[in-house]
Amino acid sequence: MDGARQPDRRALITGGLFVATAALAGCSAKSGAPATAGTSPQARPTTQPTTPAAAFTRLMEGNERWVNGNLQHPDRDPDRREFVAQKQEPFGSVLACIDSRVPPELLFDTGLGDLYVMRTGGEAIGPVVTGSVEYGPLTSGTPLIVVLGHQRCGAVEASYTSLRDGKPLPGNLEAIARALRPAYEQAVREGGDDPVETMARAQVTLTAAELRSNEGLAPLVKKGDLAVVGAYYSLDTGKVEVLAGAPS
């Protein structure tokens with residue numbers, strides 16, 4: 001009888017130690033401990049870039065990996081999910097188009113919790129969108145905003161045709177065309193062989209300039225705590241071209 005009970009006591013003790021260890025590990029993860037290097041393709045610092053230049057460098061390095069096909073897919077695992085579950089510290093905000101071929105998290109090779117992302121047709125902005133862009137810099141000190149246009153933008157092309165021909169777009173699509181009118185007018189002034197391409201680039205630079213001079217964001221830009229970058233994505237090459245505002 002005693003001999004039969006002894007293995008049970010050992011099993012009970014072993015099981016208790018296992019439960020206690022698991023509980024301590026769970027508390028450690030929830031307190032913000034970084035994921036181990038072995039569970040993530042890229043070893044990551046526990047803090048995000050805090051300067052515009054550092055954040056911009058990380059984004060552009062990620063895009064270079066995307067272009068070359070040397071992707072690291074950083075921080076896309078359950079450990080990272082648990083790490084950011086209670087708190088997020090994105091190092092950048094990206095305002096991009098809704099186009100399915102232009103997902104910022106992929107083309108910058110970033111991970112979970114790295115970016116605030118806003119997407120609208122042709123990067124059109126209004127009060128709600130602008131407020132969403134302001135959120136990161138004004139509430140958590142996000143040091144970088146990127147306005148990302150792209151090659152062969154359908155929203156820009158539809159808006160250009162509508163404005164040129166004086167034929168409103170159906171439904172709320174007309175609101176996009178109205179928001180893009182300044183870019184259309186600039187493209188008409190500049191002329192060129194591809195006015196839609198010119199309009200798409202103008203939309204980026206005008207939107208970035210508007211955000212840069214925004215009442216809430218301008219003081220951060222002036223102090224050097226925030227950079228607002230206008231950029232353009234090539235569907236053909238995957239490369240992000242900087243149009244304006246790159247931090248030094």
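An axis here is a line fitted to C-alpha atoms, for helices over the stretch in contact, and angles run from 0 to 180 degrees between N-to-C directions. Helices (H or I, at least four residues) and strands (E, at least two) are DSSP runs, numbered from the N terminus. This is a predicted model, in which local features need pLDDT of at least 70 and side-chain atom pairs count only at pLDDT 80 or more, while totals for chains, interfaces and linings use all residues. Residues are numbered from 1 along each chain as its sequence is written, and side-chain values use heavy atoms, with hydrogens and water left out.

Begin with helix H8 (residues 181-190) and helix H9 (residues 195-212), whose axes come within 8 Å and cross at roughly 130 degrees. H8 and H9 are therefore oblique to each other, given that angles under 35 degrees count as roughly parallel, over 145 as roughly antiparallel, 65 to 115 as roughly perpendicular and the rest as oblique. Where the two helices are in contact (heavy atoms within 4.5 Å), H8 contributes Pro182, Ala183, Tyr184, Gln186, Ala187 and Glu190, which meet Pro195, Thr198, Met199, Ala202, Gln203, Thr205 and Leu206 in H9.

H9 also meets helix H6 (residues 154-165), and the axes of H6 and H9 come within 9 Å and cross at roughly 110 degrees. That makes H6 roughly perpendicular to H9. Val156, Glu157, Ser159, Tyr160 and Leu163 of H6 make this contact with Pro195, Val196, Met199 and Ala200 of H9.

Grid points are joined across faces, edges and corners, and a volume is the space filled by probe spheres set on the points. The count comes to one cavity of 30 Å³ or more, and about 40 Å³ of space lies in the largest cavity. Its lining is formed by Phe56, Leu59, Met60, Phe108, Val146, Val229, Ala231, Val240 and Val242. Helix H2 (52-68), strand S4 (227-233) and strand S5 (240-244) are the elements that give two or more residues to this lining, and the largest share, three residues, comes from H2.

Key: 1 Å grid on protein atoms, 1.4 Å probe; cavity = no way out; pocket = protein on both sides within 12 Å on 5 of 7 lines; lining within 4 Å.
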